[in-house]
Protein chains: 2
Amino acid sequence: MGQAEIIDGKKTAGEIRKEIAEAVRDMKEAGRRPPHLAAVLIGNDGASETYVNFKVKDCREVGFKSTLIRKPENISEQELLNLVADLNADEEIDGFIVQLPLPRHIDAQRVITAIDPRKDVDGFHPENVGNMVLGLPGFLPATPFGITELLRRHGISASGKHCVVIGRSNIVGTPMSILLSRNSEVGNATVTLCHSRSQNVVEIAASADILIAATGRPGSVTAEMVKSGAVVIDVGTTRVPDPQKKSGYALRGDVDFKAVSRKARALTPVPGGVGPMTRVGLLLNTMKAAKG
Amino acid sequence: MGQAEIIDGKKTAGEIRKEIAEAVRDMKEAGRRPPHLAAVLIGNDGASETYVNFKVKDCREVGFKSTLIRKPENISEQELLNLVADLNADEEIDGFIVQLPLPRHIDAQRVITAIDPRKDVDGFHPENVGNMVLGLPGFLPATPFGITELLRRHGISASGKHCVVIGRSNIVGTPMSILLSRNSEVGNATVTLCHSRSQNVVEIAASADILIAATGRPGSVTAEMVKSGAVVIDVGTTRVPDPQKKSGYALRGDVDFKAVSRKARALTPVPGGVGPMTRVGLLLNTMKAAKG
């Protein structure tokens with residue numbers, strides 16, 4: 001057995017950020033203002049802080065304008081809906097996100113649905129989800145979008161292949177399964193969507209040419225679930241305590257990396273695989289929103 | 001080998017129509033007007049005429065009000081969009097459909113997207129498609145809706161089972177695959193969506209506990225594609241010339257009925273299987289629209 005090629009998402013994301021930065025320079029030289037992303041952060045959740053800070057940093061790096069709007073944990077749903085309405089109406093803002101999760105007293109779906117679909121750069125609004133299903137223009141959720149870009153730029157075609165997606169969340173597994181099955185450049189795969197209720201997941205996973213793990217359970221995708229020569233994409237980014245790290249935690253993927261890397265043809269690492277591509281997905285959506 | 005149970009969609013549809021008729025009587029007795037469906041028919045396509053006439057007849061049978069709006073083949077896109085706007089605004093109409101296909105000079109997607117999602121009883125508007133994906137309230141496309149009702153009322157649970165859907169159209173295969181995979185009473189299946197680009201369709205189909213054929217090619221689903229004891233749902237309704245019929249044609253399903261009925265546990269016939277359930281799906285949506 002050989003060793004799997006490591007699909008370097010960090011490197012690919014860096015290349016895409018360079019392309020975006022060049023496009024932003026072109027916009028500015030043509031006298032246009034740069035794309036502008038706003039991010040709404042409620043409360044003080046550690047992981048949410050980290051994610052939003054990354055988003056702001058990414059914007060700076062490619063030359064986007066960004067605005068971080070912080071609100072306290074006890075903001076009312078109506079206050080947040082009013083803020084969303086303001087952002088919808090603000091012509092200086094091309095796209096915005098409301099960082100999830102939201103405090104329990106706020107109906108997250110209601111907030112998402114209040115976002116103007118044309119500014120919904122997270123791609124979570126029902127209209128954008130429907131557009132994705134129907135192959136119409138719209139915003140794709142960042143993680144599935146990033147994964148299709150990663151596959152495309154590594155010359156991995158899904159067309160006609162059997163793709164198995166494990167995990168059916170609204171933001172990763174489900175849209176991933178839909179995107180891969182569409183009649184499109186990155187699609188045309190035969191797609192099986194598995195989840196916690198699925199029987200025979202091991203056998204089904206082991207029949208995949210391309211396996212996408214989005215279970216959120218570290219190490220849950222073992223070598224017996226991987227066909228020899230398969231491509232494996234690991235969406236998992238679970239924080240596990242690690243006293244050796246300055247942050248006090250390490251990121252663990254859903255895939256048993258060491259064992260699977262001896263069996264797969266190619267494999268994304270965690271960190272440095274899907275994570276950076278997700279961040280780039282948001283930048284690509286914001287650029288699209290700015291171009292209108 | 002035994003003979004498959006024939007899943008009688010005509011009978012089940014009749015039972016549902018009775019339930020709807022009773023609910024309409026209750027509405028009228030409570031002093032409310034009955035549900036009102038409008039259907040827009042453009043031109044003189046034979047199949048479209050038949051379908052729309054069935055819809056009007058179904059409405060009459062359950063006590064709905066219906067309005068058939070005929071427009072000539074050469075109606076402009078703008079005229080049709082104006083008509084859609086009028087129907088959106090008409091408080092006496094609960095839901096309406098624009099019968100497809102439309103003449104080539106009209107952008108069908110543009111027309112569908114112009115329909116108020118709250119009156120889109122075909123469930124084709126992107127917002128309703130997105131709501132279906134996200135498990136939010138909305139209208140489900142009639143054929144997948146009818147099929148899930150048929151399974152439910154025949155005590156066939158998809159939960160945990162492997163369902164294979166062949167065909168990825170926007171109105172049948174794709175929404176069917178989504179509905180069956182959702183975390184819901186009729187869902188929780190492991191779903192594989194196959195299509196014209198899929199490799200190994202025969203093997204994949206033969207692994208299905210529930211096989212849903214929506215290829216539109218008569219007899220294309222053969223016995224070798226069916227696992228012993230599987231449930232087979234035949235969505236095909238292709239018109240083939242038949243001089244022995246008064247109409248001059250017969251309806252043929254996608255499934256090789258005779259051979260498959262010796263292998264499957266249960267099977268829908270054509271006609272009398274999915275077709276009547278699709279018609280009932282529209283009635284259920286119209287009732288829902290009326291109740292608001």
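1. In chain B, strand β5 (residues 162–166) and strand β7 (residues 210–213) run parallel and are joined by 4 bridges. Within this pair, B:C163 stands opposite B:I210 of β7(B). Strands of a sheet pair through backbone hydrogen bonds, in either a parallel or an antiparallel manner. Here two strands count as paired if DSSP finds at least two bridges between them. Strands (E, at least two residues) and helices (H or I, at least four residues) are DSSP runs, numbered from the N terminus.

2. The model is predicted: local features need pLDDT of at least 70 and side-chain atom pairs count only at pLDDT 80 or more, while totals for chains, interfaces and linings use all residues. Residues are numbered from 1 along each chain as its sequence is written, and chains are lettered from A and ligands numbered from 1 in the order in which they are written.

3. The strands of point 1 belong to an open sheet of 12 strands with mixed pairing, in the order β1(A)-β11(A)-β8(A)-β7(A)-β5(A)-β6(A)-β6(B)-β5(B)-β7(B)-β8(B)-β11(B)-β1(B). Its edge strands are β1 (5–6) of chain A and β1 (5–6) of chain B, each of which pairs on one side only.

4. Helix α7 (residues 173–181) of chain A lies across β5 (162–166), β6 (190–194) and β7 (210–213) of chain A, and also across β6 (190–194) of chain B. The helix runs at about 170° to β6(A). Axes are lines fitted to C-alpha atoms, for helices over the stretch in contact, and angles run from 0 to 180 degrees between N-to-C directions.

5. How are the two chains related? A rotation of 180° with 0.0 Å of shift along its axis superposes chain B on chain A, with an RMSD of 0.0 Å. That is the relation of a two-fold axis. The superposition is by least squares on the C-alpha atoms of residues with pLDDT of at least 70 in both copies.

6. At the interface, 26 residues of chain B are in contact with 26 residues of chain A, contact meaning that the C-beta atoms, placed from the backbone, lie within 7 Å. On the chain B side, α5 (126–134), α7 (173–181) and β6 each supply at least two residues; the largest share, 8 residues, comes from α5(B). Because 100% of the interface residues of chain B are also interface residues in chain A, the copies meet through the same surface.

7. In chain B, the axes of α6(B) and helix α10 (residues 274–291) come within 7 Å and cross at roughly 105°. The two helices are therefore roughly perpendicular to each other, a term for angles of 65 to 115 degrees; angles under 35 count as roughly parallel, over 145 as roughly antiparallel and the rest as oblique. The contact includes B:F145 and B:I147 of α6(B), and B:M277 and B:L284 of α10(B).

8. In chain A, the axes of helix α1 (residues 9–29) and helix α10 (residues 274–291) come within 8 Å and cross at roughly 20°. That makes α1(A) roughly parallel to α10(A).

9. Is B:G138 buried or exposed? With 22 C-beta neighbours inside 10 Å, B:G138 counts as buried. A residue is buried if 20 or more other C-beta atoms lie within 10 Å of its own, exposed if 12 or fewer, and partly exposed in between, with C-beta atoms placed from the backbone. B:G138 is in the loop between α5 and α6 (142–153) of chain B. Beyond residues up to four places away in sequence, B:G138 touches B:N128, B:N131 and B:M132.

10. A:L251, in strand β10 (residues 249–252) of chain A, is partly exposed, with 18 other C-beta atoms within 10 Å.

Note on methods:
Contact = placed C-beta atoms within 7 Å.
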